[in-house]
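Here is my notebook page for today.

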Amino acid sequence: MNRAALLALVAAAPALAWESVCYRHANPAASVPALLAEADNKPCEPAAGPSTTRQRWVGPLDEHRQLWARTHALAGIPDSVDATQTLTVFTSSSTVPIGKTVAPTLVPAAFENATRVQTRSWSPGELSQLPDFSYALWDWASGNETCPADLGATDPQLCHDFASHMGPVNANHFLPQAQRFYRDYHQLALARAAECKNVGAKVASQGTRFAEVPLACLAEAMSLEAVGHHYLQDAWSMGHMWERWGSSNLADFPGDTTDDKRDRAVLVALVSGLFHGARGVLQLLPAWTGYDVDDALCAPWDGVKFTTTTGVTANGVGDDYAASWPTGGAESAYAAQASLFDSCAVSGMLDVYRAAGEPGGAATPSAGLMSVDPLGDACFGQRATNASMALAAAVNFKVAGQQVTLPLDARFVSFMLPKVARSGGKVPVAPKVRNEFRKDLVRIVSVARLVAKDSPDGLQLATGRLGTFLGAKPNGQYTSVPSTLEPALPWNDAQLSTEPGQRAAALARAFHVSHAADLCATTTGARLEAAKTHARDASLDADGKAAACLACTELALRHLRIGTAAQWDTSKLPLCEILGASQEVIYQAASATTSPRDAARTWCCP
């Protein structure tokens with residue numbers, strides 16, 4: 001093997017999860033089956049940043065979505081709940097650079113300021129891949145067009161790049177931090193689901209007039225659960241059943257400056273990625289297509305096992321090997337791993353769907369599943385054995401059928417990884433840090449071998465016994481609140497002076513049908529008049545005029561009574577009044593055959 005091939009070998013990016021993909025599709029609004037049927041699957045370009053929110057995360061390698069679909073089927077939830085959804089988002093006329101081109105912004109604007117309309121298509125299951133592309137749902141709702149303030153980057157493509165920015169802080173994709181992140185999303189999903197049920201009960205008296213509101217709310221609630229499932233799914237990948245070093249906050253890494261912290265975070269992530277298993281990166285490289293990168297932890301190895309809190313020890317696989325899990329009750333070496341995951345994932349999904357009142361139809365779960373607390377140790381207590389961690393302290397691959405192992409503490413690896421960090425991670429890595437890195441790498445690999453030899457079936461290495469690495473502690477020792485956390489509910493656009501308020505506004509405006517009650521509560525008479533004035537602005541171009549009229553119509557419709565203050569049609573109550581969320585009312589006189597939407601449009605744009 002030549003030096004160039006060895007360099008490619010150790011150039012593994014920070015640890016990924018089950019595969020997440022972004023593909024370019026001719027019709028991004030198509031159904032998931034239609035997208036999967038496309039013969040020509042081309043990756044998004046660029047592969048990070050705003051480009052990924054303008055396409056679909058559906059294709060042959062989308063393991064996270066496939067695991068969600070598996071769970072969805074086992075839960076017996078109607079297929080319509082996971083079908084392609086559409087958002088009509090009102091935006092400004094700003095643009096954002098994407099590679100060598102520019103594209104319209106996706107950042108949602110206030111109804112009264114809209115000058116463009118964008119349509120976004122997605123399915124809830126796709127968003128189980130979101131944490132590999134976006135920092136949170138608010139980030140996706142904003143088109144991945146902004147950067148979290150503490151990451152030391154303002155270019156949205158760069159700050160969403162996995163090798164240089166997202167990967168170094170993906171400690172939350174590993175146990176035990178993954179448990180906290182799933183809990184947060186599951187609780188958000190349950191809260192939204194409860195509101196979906198509440199809204200559904202209130203609009204039921206109106207027949208089908210407002211049927212889209214509880215269904216839009218359900219799509220949002222299931223999407224939040226899907227984002228959370230990323231962390232739940234990761235918890236059942238062998239490559240993530242250990243305490244990777246570091247935090248999901250760059251500020252928690254040692255260093256005097258942001259650049260110093262990121263130097264260490266990138267190196268920590270590279271080594272974490274090699275322990276995790278490098279197949280997801282290496283197998284796709286042209287120079288490696290003839291090799292089988294069967295790299296522990298994720299690849300099938302007889303010695304790679306995990307143990308649960310109830311004492312069950314079983315074989316496990318991870319990223320790129322979801323197809324190894326059995327379906328339909330088939331026997332498999334990984335049947336125990338698949339069965340335990342299925343019960344956890346189905347329990348979580350059903351919790352949310354049932355909390356929403358099952359508006360898509362009754363769920364009919366498959367037989368044989370256990371009902372478990374999806375937030376508890378039954379779903380997040382599993383850890384890789386010491387023997388497994390020792391096997392992971394190397395890169396493994398086959399050449400012409402011969403197994404090759406390159407130890408992580410080999411002199412060449414410890415020499416080259418800082419160079420990889422400099423080129424791929426875009427960090428300079430000072431000489432002092434390089435020397436500390438080499439010393440720590442030798443130490444942790446030695447610890448792994450010694451502990452595994454003494455107690456091969458123990459779990460010490462996966463639960464912090466590896467100690468610190470470049471000053472970063474095992475992730476279970478960090479309890480700081482993530483800087484990229486979703487804002488607290490309710491989501492509306494009333495607190496724009498704060499960063500959480502701006503994030504809440506992006507979510508409420510993107511999912512504005514789902515958040516009708518929240519927006520009703522913050523819409524004043526002055527805002528309604530401002531929307532009407534804006535819609536009648538003669539200085540707007542044709543697209544701006546159309547967008548302003550549509551946005552005003554959508555807003556006005558929720559407050560409009562057909563008729564006059566003295567006499568109006570009580571059979572067509574406005575949505576905000578039905579929801580009991582607003583006292584603001586506008587009137588538009590019209591004939592008996594006029595629909596409320598037509599009347600609202602006339603009010604806005606006569």
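I start with a definition: a residue is buried if its relative accessible area is under 20%, exposed if over 50%, and partly exposed in between (1.4 Å probe, protein chains only). I note that this is a predicted model, where local features need pLDDT of at least 70, side-chain atom pairs count only at pLDDT 80 or more, and totals for chains, interfaces and linings use all residues. Residues are numbered from 1 along each chain as its sequence is written, and side-chain values use heavy atoms, with hydrogens and water left out.

**Entry 1: a salt bridge within a helix**

I looked up R503 and found it buried, with a relative accessible area of 8%. E499 is partly exposed, at 41%. Their side chains meet in a salt bridge, 3.4 Å from N to O; the term means a side-chain nitrogen of Lys or Arg within 4 Å of a carboxyl oxygen of Asp or Glu. R503 and E499 are four residues apart in helix 16 (residues 499-510), so about one helical turn separates them. Helices here are DSSP runs of H or I with at least four residues, strands are runs of E with at least two, and both are numbered from the N terminus. I also noted a network: E112, D493, R509 and R527 are joined by salt bridges that share partners.

**Entry 2: salt bridges across the sequence**

How many salt bridges are there by this rule? I get a count of 19. In one of them, R56 pairs with E126 at 2.6 Å, N to O. R56 is in the loop between strand 2 (42-43) and helix 3 (63-75), and E126 in the loop between strand 6 (116-122) and helix 4 (137-141), so the pair ties together parts 70 residues apart in sequence. Both R56 and E126 are buried.

Next I checked R192 and E220, whose closest N and O atoms are 2.9 Å apart in a salt bridge. R192 belongs to helix 7 (residues 177-203) and E220 to helix 8 (residues 212-235), so this pair links parts 28 residues apart in sequence. R192 and E220 are buried too.

**Entry 3: two helices side by side**

Which residues of helix 9 meet helix 15? I found R264, L267, V271 and F275 in contact (heavy atoms within 4.5 Å) with V433, E436, F437, L441 and I444 of helix 15. The crossing of helix 9 and helix 15 is right-handed, meaning that the near helix is turned clockwise from the far one by less than a right angle.
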